[in-house]
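Dear colleague,

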Amino acid sequence: MTSTAQKKELDMTHGPLLGKIILYALPVIAAGMLQLLFNAADVVVVGRFAGGHALAAVGATGSLINLLVNVFMGMSVGVSVNVARAWGAKNEEDVSRTVHTAILTAAIIGTFVMMIGFFGSKTFLAWMGTPDDVIGLSTLYMQIYFLGMPASMLYNFGAGVLRSIGDTRNPLIFLSISGVVNVILNLILVIGFHMSVAGVAIATVVSQILSAVQVLIFLTKQKNCCRLNFRALRIYPDRLKSIVRIGIPAGLQSSLFSISNVILQSSVNSLGTVVMEANTAVSNLEGFLYIAQNSFYHAALTFVGQNVGAKQYHRVKKITLLCMFMAFLVGFTIGFLQIAFHEPLLSIYTSAEDPSEMIAIGHSRMQITSYTYFTCGVMEVLTGALRGLGSSVLPMLLTVFGVCGIRVAWAYTVFPMDPSLKTLYIAYPVSWIFTTILLCIALVICYRNFMRTHSENTLK
């Protein structure tokens, strides 16, 4: 790997860490916020200009879309870990093979997910108990949304490659351009052409295609071993196996996480359209909080991966602790601010003449989840550190047990005894805290075993 190429990227394996972690995380936060603004623009525009039923229809699809997409989107985590390790080890051939395997794999699985989502949307929504008055609009939104899935996969895999070598600025630029296009199209199609949920879905698909095209063109112009050559696209079995080993457990974890949310969403659906509308608004706001914290998951994943590749094992502990601290600080601060300004924030999402009921319902959830959301961020950082060390199955199992298990059990045992919103929402912090404790214990054990094994190998 040429020294010129390296100088253009963030050096994660030498020198002070905190400043570099923040420099890495800030563009990731901004990019994630922009990606959420795609959804926020959908929700706000459709809520204010197409009515509460249209808003509920879009909101009813969120958990289901995540469930169908995340198992495959998790493969991008496998790409990031493998590129980061190869980059840290200065193995140019492995980097190039991983990049070409990743892009072709993204195109294939994106097409596969598109077909599942397009043809299965109505059936899946019916299984969730989506009300009859919104299921038609929800189905239409999902079918159009899934047409953009190949582009979405290509962008996320390509952006994962760039982030794994320390380039978080260019994915931000690509999303900024796509985000502006998305907002403009939302306004034109929904307000100008009265296309309701179809308009916001089309705008989202167009923006996804634009972001994918940008990241692919950028990769073809790289001067280092990450350069993409379309003629050289092929799947290298050893690289695919390594991507799958990390990516599939990561994807399954996200999807199983989504299953628990789908079950909780079904409980929300049983409480009526106004509750669905409030839940959609708060979920959207919490998405911004999650993204801000989740940037330190990506930092932990990439920094640990590169340092393991470079055999700088002593830096792993400090990386993890710094990322945990930053996730806590950012999560607690943003959560407090969201509660402090809950009324104007929730008002953005509705066009009702008297939004007081929706705001009251939304506030009841925020009082429980926003104050404790930082525990979710710490939980994610621990997961990222474990994956950077090469362990992906263990965090998946612990998350399935700690998050999904508790939420599913809660929905079928505690909630029926007291079917109130407060009872339902308490399931979130309980599951985050319990899983964080499990992951802390797991990381300590895995790190000690990792250091013992690699110290023995060094001695040999």
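Helices, in the sense used here, are DSSP runs of H or I with at least four residues, numbered from the N terminus. Please bear in mind throughout that this is a predicted model.

By that definition, Thr-302 lies in helix α12. Its relative accessible area is 3%, and buried means under 20%, so Thr-302 counts as buried. Apart from neighbours within four places in sequence, the contacts of Thr-302 are Met-12, Tyr-24, Ala-84, Arg-163 and Ser-164.

Thr-273 also has its place in helix α12, which covers residues 273-309. With a relative accessibility of 24%, Thr-273 is classed as partly exposed. Beyond the neighbours within four places in sequence, Thr-273 is in contact with Ala-56 and Asp-133. From Thr-273 to Val-308 there are 35 residues in sequence, and the C-alpha to C-alpha separation is 50 Å.

The remaining finding concerns helix packing. Two packed helices are described by the angle between their axes and by the distance between those axes. For helix α9 (residues 169-192) and helix α10 (residues 196-220), the angle is about 155 degrees and the axes are 8 Å apart. Because angles over 145 degrees count as roughly antiparallel, α9 is roughly antiparallel to α10. The crossing of α9 past α10 is right-handed. Sorted by class, the residues in this contact comprise 13 nonpolar and 10 polar, with no charged residues.

With kind regards

Definitions and conventions
Residues numbered from 1 in each chain as written. Predicted model: local features only at pLDDT ≥ 70, side-chain atom pairs only at ≥ 80, totals over all residues. Heavy atoms only, no water. Helix = DSSP H or I, 4+ residues; strand = E, 2+ residues; numbered from the N terminus. Buried < 20%, exposed > 50% of the residue type's maximum accessible area, 1.4 Å probe, protein only. Contact = heavy atoms within 4.5 Å. Axes fitted to C-alpha atoms, helices over the stretch in contact; angles between N-to-C directions. Parallel < 35°, antiparallel > 145°, perpendicular 65-115°, else oblique. Left-handed = near helix turned anticlockwise from the far one by under 90°. Nonpolar A, V, L, I, M, F, W, Y, C, P; charged D, E, K, R; others polar.
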